[in-house]
Amino acid sequence: EGEDEASSEDAPMMDVEGTQKELPLYVSAVADAGVVECETKEICFAPTIMFYTKVHRFSLTNPSKISAPFEWRVVGKSA
């Protein structure tokens, strides 16, 4: 089925003679590449005593004009 053809899900349409009207269509869009920046490349923790915690804070930024999905991955001996 072509893009200009109505699908079976569309409501029935009927042109009424003399009622057609042309209107301008304004469209805007943003095009960019999703980018995530982080100066921290690796975090190495020394061994931790049981029931203690260690924290490392860092910034993760998205300088692009669109969303930039990301995911975390923990790698290493005990990951």
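Biologist: Is Ser64 buried or exposed?
Modeller: In this predicted model, Ser64 is buried, because its relative accessible area is 15% and the cut-off for buried is under 20%.

Biologist: Which side chain has a polar contact with the side chain of Ser64?
Modeller: That of Asn62, at 2.5 Å. A polar atom of the Ser64 side chain also lies 3.0 Å from the backbone oxygen of Ile66.

Biologist: And what is Ser64 in contact with beyond its neighbours within four places in sequence?
Modeller: Asp32, Ala33, Gly34 and Val35.

Biologist: Take Gly34 then. What does Gly34 touch, leaving out residues up to four places away?
Modeller: Gly34 touches Ser64, Ile66, Ser67 and Ala68. Gly34 itself is partly exposed, with a relative accessible area of 48%.

Biologist: How many residues apart along the chain are Gly34 and Lys65?
Modeller: They are 31 residues apart, and their C-alpha atoms are separated by 7.7 Å.

Biologist: What about Thr61, which residues does it touch outside four places in sequence?
Modeller: Val35, Val36 and Glu37. Thr61 is partly exposed, at 39% relative accessible area.

Biologist: Zooming out, how many helices and strands does the chain have?
Modeller: Zero helices and zero strands.

Biologist: What share of the chain counts as buried?
Modeller: Of the 79 residues, 4%. The chain exposes about 8,700 Å², and carbon and sulfur atoms supply 53% of that area.

Biologist: And what share of the contacts with a separation of 6 or more comes from residues 24 or more positions apart?
Modeller: Such residues account for 52% of those contacts.

Biologist: Change of topic. Which residues make the nonpolar surface patch?
Modeller: Val36, Ile43, Phe45, Phe58, Leu60, Phe70 and Trp72 make a patch of about 680 Å². Val36, which Thr61 touches, is partly exposed at 34% relative accessible area.

Biologist: How many aromatic pairs does a search of the whole structure find?
Modeller: Two. In one of them, the rings of Phe58 and Trp72 have centres 5.8 Å apart and planes at 75°.

Biologist: Why is the pair of Phe58 and Trp72 edge-to-face?
Modeller: The planes stand at 75°, and an angle over 60 degrees counts as edge-to-face. Phe70 and Trp72 form an edge-to-face pair as well, with 5.7 Å centre to centre and 90° between the planes.

Biologist: Which residues do the ring pairs link into a cluster?
Modeller: Phe58, Phe70 and Trp72.

Biologist: How accessible are they? Start with Trp72: buried or exposed?
Modeller: Trp72 is exposed, with a relative accessible area of 60%. Phe58 counts as partly exposed at 31%, and Phe70 counts as partly exposed at 49%.

Biologist: Last one, what is the phi of Phe51?
Modeller: The phi of Phe51 is positive, about 70°, although Phe51 is not a glycine. Most residues other than glycine have a negative phi.

Biologist: And is Phe51 buried or exposed?
Modeller: Phe51 counts as exposed, because its relative accessibility is 79% and the cut-off for exposed is over 50%.

Note on methods. Residues are numbered from 1 along each chain as its sequence is written. This is a predicted model: local features need pLDDT of at least 70, side-chain atom pairs count only at pLDDT 80 or more; totals for chains, interfaces and linings use all residues. Side-chain values use heavy atoms; hydrogens and water are left out. Buried means under 20% relative accessible area, exposed over 50%, partly exposed in between (1.4 Å probe, protein chains only). A polar contact is a pair of N or O atoms within 3.5 Å; within protein, one must be able to donate a hydrogen and the other to accept it, and residues adjacent in sequence count only if both atoms are side-chain atoms. Contact means heavy atoms within 4.5 Å. Helices (H or I, at least four residues) and strands (E, at least two) are DSSP runs, numbered from the N terminus. Accessible areas come from the Shrake-Rupley method with a 1.4 Å probe; for residues, only the protein chains shown count as cover. Patches are made of residues with over 30% relative accessible area and no salt bridge: like charges are joined within 9 Å, nonpolar side chains (Val, Leu, Ile, Met, Phe, Trp, Tyr) within 5 Å. A salt bridge is a side-chain nitrogen of Lys or Arg within 4 Å of a carboxyl oxygen of Asp or Glu. Rings of Phe, Tyr and Trp (its six-membered ring) pair if their centres lie within 6.5 Å; planes under 30 degrees apart count as stacked, over 60 as edge-to-face and the rest as tilted.
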